[in-house]
Amino acid sequence: MQTKELRLALVCYGGVSLAVYMHGLTKEVWKLARASMRRHSPAGLPPARDSEIVYQALLDSLPNLDLRVMCDIVAGASAGGINGVLLARALVEGHDLDAIRSLWLDGADSDVLLDRKAASRPLSKLWAIPLVWWVRRRGLEDEDKAEVAAHGEVKRKLSRFMRSRWFKPPFSGAAFSGLLADAFAAMENGERTPPLVPPLHPFDLFVTVTDYHGAPQRLRLNTPEEVTEPEHRLVIGFACPGDGAERHLGQTPDLVFAARATASFPGAFPPARISEIDDMLKGRGEDWPGRQAFIDRVLPGRTQPESVDLIDGAVLDNRPFGPALAALGKRPAHREVDRRFVYLDPKPGMHDDGAVTGQPPGFFGTILRSLADIPRQQPIRDSLGTIEAISTRSRRLRHIVIGMMPQVDIAIDAAIGMRLLLFSPSLERLAAWRSRMNSEAAKATGFAYGAYGRLKFAMVTERLAERIADLGGQEVGAVRASLWRHLNAGGVNKPESAIGKTGAASPYVLFLRNFDVDFRIRRLRFLIRRVNMELAGADEETAATLGKIKAGLYAILGPHLLCWSSAGRLAAAGNAIADPASALAAVASALDLKGLDARSDQALVDLLASGLPRRLRRDLVAAYLGFPFFDIAILPLIADGNIDELDEIKVDRISPEDCSALTSAGGQRLKGALFNAFGAFFSRAYREHDYLWGRLHGAERLIDLIVSSLPAKARPDAATLGEIRRAAFRAIVAAERAHLVDIPDTIAALDAALAE
């Protein structure tokens with residue numbers, strides 16, 4: 001059975017009270033990841049629930065394809081940042097996202113969030129009542145007015161909100177932090193499963209924050225030589241490196257602070273401060289392990305970090321594609337990957353009635369939109385352009401490779417001839433042929449080989465410097481300088497020696513044999529891509545054999561991807577600046593690439609002897625041996641980034657506008673969008689409505705994503721797809737019915753739609 005991974009990088013937009021809707025969306029991502037995890041985990045796990053059962057049945061039903069779904073990158077801002085942090089904790093540590101339903105249905109309420117010092121008695125601020133009535137009757141959109149008139153709860157809570165203290169945030173930051181801490185505790189005490197991200201796969205979480213005062217940054221110019229400017233953009237990141245250790249995203253207070261800071265909506269909440277978390281923990285009698293290390297990491301160089309004011313991340317970056325894209329370079333691929341960037345947009349598009357009526361904007365409207373709305377709603381064209389550039393480069397590289405193949409085949413035939421077709425590769429033949437082709441590539445490419453060799457030497461040396469500095473706790477710049485001095489003094493940086501008298505015994509070649517893991521990875525991935533090309537037109541029997549070859553190649557690739565993380569602690573690395581030779585010797589011994597090469601060669605020889613037709617075997621061996629020719633041409637084009645994980649990136653959106661399966665029951669208009677996106681704070685019924693539709697919309701779009709990842713011939717027809725969706729919808733409504741007591745009309749409409 002062919003294996004494939006559908007990897008999701010989730011980008012969660014802000015949306016104030018639409019956070020409740022986004023909780024429904026992220027819960028479905030979590031449930032899909034749980035369903036995928038269960039298919040490859042031991043028995044004895046807690047039973048699957050509601051939509052998990054449908055997702056698992058769908059994945060089990062795929063013919064000849066083991067599709068594994070994983071969310072390994074999460075980036076969020078504001079309301080999306082809160083949901084991103086909670087989802088990430090559940091994914092990485094196997095916590096229970098069902099356990100925080102009450103955080104959103106009960107806790108995301110204006111009365112709960114109001115600062116008690118700001119709250120007013122019903123008869124206070126009588127002078128403000130006319131303003132309240134003006135806002136109700138004239139300062140609201142028609143839909144908002146209708147909701148105020150229809151719902152007494154909304155009217156009461158909106159009045160209390162309007163009569164709270166003026167010119168100070170009405171909502172309590174301390175109460176908000178307390179709710180978040182309670183949510184993490186509930187998740188941890190809920191039902192546990194194994195982590196939903198494999199221990200050998202990295203995971204990254206990012207939330208954007210705005211530093212109100214800004215951190216001073218020194219910039220080097222021509223004249224003057226240096227200037228200092230404040231940097232207001234801040235990204236708080238959490239990572240699991242995929243080193244096989246126990247999965248742990250971060251300390252709970254770290255995560256509470258990140259969620260609190262990213263959602264400090266200006267004017268509604270006070271800025272977030274470290275001291276607020278300190279006070280909350282003190283009141284609860286709890287500690288903050290690693291507090292200083294966290295502060296040093298996210299607020300480096302601050303003399304008074306407790307007084308740094310952080311506000312909503314959506315002010316400057318409401319759509320954080322950038323950090324998620326930057327994380328792609330650290331992603332290993334043990335099998336075929338379909339990479340998706342999925343962004344959650346609860347309120348898509350800019351809706352400006354003035355643009356329709358032709359009326360010029362008013363004074364206050366201009367100020368509000370320029371300071372708040374427009375920066376948050378700026379289209380993602382730049383981010384999509386970056387993603388498309390990566391995909392375009394991948395297509396361009398394929399074009400280069402295909403164009404080079406005839407010439408490389410000619411060079412292989414000239415060097416090895418019919419032996420490649422007549423003889424099966426053995427360990428001795430494979431080693432001899434590989435050495436011969438490495439030399440031929442160096443000679444045939446002339447002066448280009450010198451540039452390529454120096455680039456490869458520099459890349460390997462940079463990787464060594466970073467790794468040794470990390471292992472030894474030393475400054476990477478000093479380690480880098482020490483390594484370069486040592487290697488240059490030893491005459492290592494001379495790629496031309498590879499085609500000289502010493503050849504394979506030259507210091508340059510020995511250096512690459514000891515440390516160039518990346519070349520080996522590129523060669524194996526190149527061979528996997530060649531297998532994919534052969535699969536395109538293969539008959540069923542040959543395709544089955546190629547599938548086994550491909551799985552075997554990924555198995556060979558796996559240990560290479562773990563080389564650096566499995567090196568362990570090295571005492572010699574702590575003295576790398578003074579004694580670089582000993583540090584290099586220790587790293588070479590830890591990597592043991594000679595032993596890895598021997599095991600890999602044997603595995604490759606066994607694979608190629610597994611029943612392939614002679615001509616096909618010859619083509620695959622030629623791709624492996626001819627790789628140095630392709631690497632010389634391509635490495636300079638990819639040296640500034642890592643695109644090995646995948647060929648192209650696809651982008652998908654999840655929003656109310658993208659979901660049409662249940663239009664007869666409503667759901668296109670979210671209640672949280674009322675009152676300038678504060679609506680869900682004023683009514684539990686609103687929150688129940690948005691939460692339920694978030695789950696339903698999430699299920700619909702995630703099923704679509706799974707289906708779109710399948711080969712065309714394996715995709716279900718429209719009728720079957722509709723029934724899969726309805727099964728998920730019924731499971732969700734059945735699971736939530738007892739918890740959503742304030743929206744009987746919505747439940748009835750869904751029951752009617754699903755009975756058709």
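Predicted model: local features only at pLDDT ≥ 70, side-chain atom pairs only at ≥ 80, totals over all residues.
Visitor: What share of the residues of the protein chain count as buried, and how many helices and strands does the chain have?

Guide: Of the 756 residues of the protein chain, 53% count as buried. The chain has 31 helices and 7 strands. These are DSSP runs numbered from the N terminus: helices are H or I with at least four residues, and strands are E with at least two.

Visitor: Which way do strand 1 and strand 2 run, parallel or antiparallel?

Guide: For strand pairing, DSSP must find at least two bridges between the two strands. Strand 1 (residues 2-12) and strand 2 run parallel, joined by 11 bridges. To find your place in this pair, look at Arg 7, whose bridge partner in strand 2 is Met 70. Strand 2 also pairs with strand 3 (residues 203-220), again in the parallel sense, over 5 bridges. There, Val 74 stands opposite Leu 205 of strand 3.

Visitor: Which residues touch the most other members of the largest nonpolar core?

Guide: A nonpolar core is a set of buried Ala, Val, Leu, Ile, Met, Phe, Trp, Tyr and Cys residues joined through side-chain atoms within 4.5 Å. The largest one has 127 residues, and Leu 86, Phe 203 and Leu 205 touch the most other members. Helix 29 (residues 684-708) gives the largest share of this core, 12 residues. Another core lies apart from it, with 77 residues, including Leu 546 and Phe 630.

Visitor: Which residues are buried in helix 11, and why do they line one face of the helix?

Guide: In helix 11 (residues 274-284), the buried residues are Ile 274, Glu 276, Ile 277, Met 280 and Leu 281. Seen down the helix axis, they fall within an arc of 160°, so they line one face of helix 11. That arc is taken over the directions from the helix axis to the C-beta atoms. The buried residues pack against helix 9 (173-189), helix 10 (252-262) and helix 12 (291-298), where contact means heavy atoms within 4.5 Å. On the other side of helix 11, Asp 279, Lys 282 and Gly 283 are exposed. Just after the helix, Gly 285 takes a positive phi of about 70°.

Visitor: How many salt bridges are there, and which parts does the pair of Glu 191 and Arg 49 tie together?

Guide: A salt bridge is a side-chain nitrogen of Lys or Arg within 4 Å of a carboxyl oxygen of Asp or Glu. By this rule there are 53 salt bridges. The side chains of Glu 191 and Arg 49 meet in one of them, at 2.7 Å from N to O. Glu 191 lies in the loop between helix 9 and strand 3, and Arg 49 in the loop between helix 1 (19-38) and helix 2 (51-60), so the pair ties together parts 142 residues apart in sequence. Arg 49 is partly exposed, with a relative accessible area of 24%.

Visitor: How far apart in helix 29 are Arg 684 and Glu 688?

Guide: Arg 684 and Glu 688 are 4 residues apart in helix 29, a separation of about one helical turn. They form a salt bridge whose closest N and O atoms are 2.7 Å apart. Arg 684 is buried at a relative accessible area of 19%, and Glu 688 is buried at 0% relative accessibility.

Key. Residues numbered from 1 in each chain as written. Heavy atoms only, no water. Buried < 20%, exposed > 50% of the residue type's maximum accessible area, 1.4 Å probe, protein only.
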